[in-house]
Amino acid sequence: MTIHATLSTGRRRFLQWGAAGAGAMALPGLARAQDKPSEIIVRAWGGAWGESLKAGVADPFTAATGIDVRLDFTEDNEIKPKLWAAVDQGRIPPIHVNWDTTTNATISALRGVTVDLSDLPNLEGLLPLAKPTGLDGYPLVNTYAYVYVCAYRPEAFPDGPPQSWTVMLDPKFKGRVALYDDGIGFNPIAVIAGGGTFDDVPDNMEPGYAFYRKLKENQPLLGEDADFTTWFQNGEIDLACTISVNARAARQSGIAVEWTVPAEGCKVDTDGLWVPKGLPENEEYWAKQFVNFALSEQAQAKWCSLLGLPPVYPGLAPPEDLVGDPSYPTTPEDFARLVSVPSPVLVENQPIWFARFSEIFQG
Amino acid sequence: MPLTWRFLDTIEALVAALWPARWRGATGWAFLMPALLLVGVLVIGLGYMLEYSLHELNLATYRLRDEYALTNYATFLNRPVYGTVLWRTVLGSVLVTGITLLLAFPYAYVLVRTRVPWVRKALLVTLFLPFFIGQVVRAYGWLIVLGREGLVNSLLTGLGLPAQDLLFHFPAVIFGLVQYMLPFAILLIVPAITAIPEDMERASESLGAPWPATFRHVVLPMAWPGLIGAGVVVFTLTMTDFAMPEILGGGTTDFFASAIYDSFFQISNPGLGAALSMVLVTLGSLIVAAVFALAGPGTLGIRGART
Amino acid sequence: MNPVVELTRVSKTFGDIRAVSEASLSVARGDFLTVVGPSGCGKTTLLRMIAGFETPSSGEIRINGDRVDVVPPYRRSIGMVFQKLALFPHMTAAQNIAYPLKMRRFAPRVIPGLVKQYLELVQLGGLGDRRPHELSGGQQQRVAIARALVFSPDLLLLDEPLSALDRKLREEMQLEFRRIQRELAVTTINVTHDQREALVMSDQIVVMDQGVIQQAATPQALYRQPANRFVAHFLGVTTLLDGRVVRVGDDGDVAVQVGDTVLQARGVGQALVTGAPVDCAIRAERIGMAAHGQPGLDNTVDGVVLQRIFEGDRVVYVVRVPALGDAVLSLFDRDADVHETTTEGQSVRLAWQARDLMVFAKQT
């Protein structure tokens, strides 16, 4: 009996406190959206990628605002459904900022889960590359370009860098060639290497699939960013189509790796940042501030030179080791050697390419 | 009254206050509740999967359409790659289960029967050590040991033999999975062998059976339920494995779980992913049910199904 | 006639532990020999060496005159009934009994007949289709013995198979085993810690303690003429007393001093010298009791009843005797009149004949 009495009083009192507490918290919340959160969470890629974001953006942001930045290394493909589900169900999303490929970010934008960034002051004066294509406003912002280069072990190419991607088909390199496990970064290139032209993309991908079928005979390895570095390090591969950042990171850690842009060209693409819908007002505010900061001259200079990638902030000099490097396009001639597929085309066709790719290589 | 008696009386009084005698009939159910809840959640999850699998993805919004359709199952049937990968998965699971049981049984037998203390200790340590090393770390370990410039190939070339491709093909995946499953299988078989009194084997021997006959007529039939249990666990774990084929297979010998993962995450198609999951769950359940049906009632020690 | 089993100075050590030490014994054809002793005395190891599950560290074992040290168990012609029976749970009673016949390659056409014959021998006709867990404890015993005998082994070994049964069933089974053993005239070695079982069933008994055979003899000889203090104490209810020899007469007559009293006794086996410390043993049923006065026996002492235990057919008295250095004696009394009148705390007079007080030289 005693216990019951205590419990019921307790519950009533708790409810009173709860109501009062909520009121107390809600009022200043309405008044000042800029209230600083203790931290903001940014999803990032690991390794050289995460380190560059931390040194180039996160740490200076913390120094400037006093807000801690926590990097969350959930895979980009895995965070996507979590964010979608959170927005659909009206829950607070698990991260504040998503560092994402432009293609995936565009898919999320199409789904309507991203916050518009048009009002960020630092968008002013950026290269046109920063603006997402096929979308209204800025549901995401591109931050730099990157190239899927042809990385190779110089030891395996005594006569100089490979001139054509078709070298992948050389039986000499059987079992020693690597691609991303969905063919990302190579699918349009395969069309050209397989005898087609850029105009065949996306309507006639058959030359590319024919190239893949021949490549399958040569037993390529399929992996993700981290795998390429490991494989080069362990001497498992001689040649890979991978983002220049991975090849540069491998070289900086003492592995003998070079890269080149073969005759058929290389695919150039962009990454971007976006903020999911459904954050508390003040947190969304500071998440946008983070994105804005990442677009500042200071952040762009440091972040992108660490990555070794051309930033969207104009007029910044490349890092010394990349001056004149084909993976760091600066001039129109540089860009002419690269292959760029508009995001809407990628969004629409990439799932089909991935499916055909796995059909050929898993079959 | 001795102190311990008073202590026990106090405890009993406490128990009686917290759980009155008239609730006693529900005690068993109370203990079952957490398990039932967990299974319930699982069933609900499966229900959601089934529901998802019946909706097609709208590529314009990346949402599943509202209307019901069998498109995802049609995709599974129309794309031969799924059949190929599923067949590879089943074949791999059968191979891994067979090889694992073949290796686990003698290990468990020696572990239980040895009279040499250091042999038992060594076997126990080697059994439990791998549990502290995750699957992914172990797979990467094999990359180092079996790689082109790894330990094994260094030894081979050191002996003047040609280096071998030990990685990135189906046998490498099977090897990695067997190595991963072995401790589970041993742990499941050990109690089955412990439950066979040593006198059973002595009796068989004294009745005229040399060890191979004793093994066939006494040890094997008596350990059978344990073997079936271990086999089912290894089989289902392998059927749904993801990391070993990805890492040791070099990306071209994926198992079905990778296809599911790719559907959910790579191409953001939860409907197709759910449909593929349903296919895997159904096939796995059918195979396990067939095994139990063939292995006969009474496997897993369920009574009441006496022949 | 040659013995069926003959052990010559057989020893077995496990690490530092000497489980069996220099054991020699032999069993004649058709005999029932029981090895009896407390747990850990080495009797099971001895049995396992005969069965072939353990190899002797030294010494030799012969069966039918042939050395069997390197012969594996499945080549020895030995049937064995295990302590927990070890019936195969996945086989029916009949399949259990057929198992040795199949393993020993009996002609398939004779097997069903033999199985039926042995099921009937152990009075289980009609129960052959049952699994072991569908049979009672006694029925399981019968299956086990049928299985051990069906292939007509030269030797039957029993490893305490009756120890798990309750007393009444155990006593029934003892007689049943003995009947079957006599009927088939199979040479049998039984191992037990139950002295009563040993006395009831055996032609010959071997008493073991700490790995050493203490005495081998017929049940009567063992009971009447124990070779030492251990054997005397192990069989029957016996009181042990410390004494000292005060006189050695002819014909084995001795006088020993226990406490303040000199008792008339008989020496057993060893030569005794005056002044030597000795163990004296007296069996409970050999001590007579009277309230006071009488009777004219060789030794008479007075004591006080400490405890009175009613066991139906007899009463056990535990009596403290001040004159024997406060020794505590156990005795039985079957006289109903005495039971009525004797109570705890009462003074009583105890008396026994000189030949019932056994004296052994102290074992060092």
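Leaving aside neighbours within four places in sequence, B:Leu187 is in contact with B:Leu127, B:Phe128 and B:Phe131, where contact means heavy atoms within 4.5 Å. This is a predicted model, in which local features need pLDDT of at least 70 and side-chain atom pairs count only at pLDDT 80 or more, while totals for chains, interfaces and linings use all residues. Residues are numbered from 1 along each chain as its sequence is written, chains are lettered from A and ligands numbered from 1 in the order in which they are written, and side-chain values use heavy atoms, with hydrogens and water left out.

B:Leu187 lies in helix H8 (residues 170–194) of chain B; helices (H or I, at least four residues) and strands (E, at least two) are DSSP runs, numbered from the N terminus. Between B:Leu187 and B:Ala122 there are 65 residues in sequence and 15 Å in space, taken from C-alpha to C-alpha. B:Leu187 also belongs to a nonpolar patch on the surface, together with B:Leu124, B:Val125, B:Phe128, B:Leu129, B:Phe131, B:Phe132, B:Ile133 and B:Val137, and the accessible area of the patch is about 830 Å². Such patches are made of residues with over 30% relative accessible area and no salt bridge, with like charges joined within 9 Å and nonpolar side chains (Val, Leu, Ile, Met, Phe, Trp, Tyr) within 5 Å; accessible areas come from the Shrake-Rupley method with a 1.4 Å probe, and for residues only the protein chains shown count as cover. Helix H5 (residues 117–128) of chain B gives the most to the patch, with three residues, and B:Leu124 is found in that helix.

The table gives relative accessible areas, for which buried means under 20%, exposed over 50% and partly exposed in between (1.4 Å probe, protein chains only).

| Residue | Relative accessible area | Class |
|---|---|---|
| B:Leu124 | 34% | partly exposed |
| B:Leu187 | 35% | partly exposed |
| C:Ala185 | 48% | partly exposed |
| C:Gln210 | 65% | exposed |

Most residues other than glycine have a negative phi, and most peptide bonds are trans. C:Ala185, although not a glycine, has a positive phi of about 50°, and its place is the loop between H5 and strand S8 (187–192) of chain C. C:Gln210 likewise has a positive phi of about 50° without being a glycine, and is found in the loop between strand S9 (204–209) and strand S10 (212–217) of chain C. In chain A, the peptide bond from A:Val201 to A:Pro202 is cis, with omega near 0°, and A:Pro202 sits in the loop between helix H5 (187–193) and helix H6 (206–217).

Helix H4 (residues 137–149) of chain C is mostly covered, with ten of its 13 residues buried, including C:Gly138, C:Val143, C:Ile145 and C:Leu149. The cover over these buried residues includes helix H9 (198–206) of chain B and, from chain C, strand S6 (78–81) and helix H2 (93–103) among others.

Between chain A and chain B, 33 residues of chain A are in contact with 27 residues of chain B. The area buried between these chains is about 2700 Å², of which carbon and sulfur atoms give 47%; buried area is the accessible area (1.4 Å probe) that two parts lose on being put together, summed over both. Two salt bridges are counted between chain A and chain B, a salt bridge being a side-chain nitrogen of Lys or Arg within 4 Å of a carboxyl oxygen of Asp or Glu. A:Asp88 forms a salt bridge with B:Arg63, with the closest N and O atoms 2.8 Å apart.
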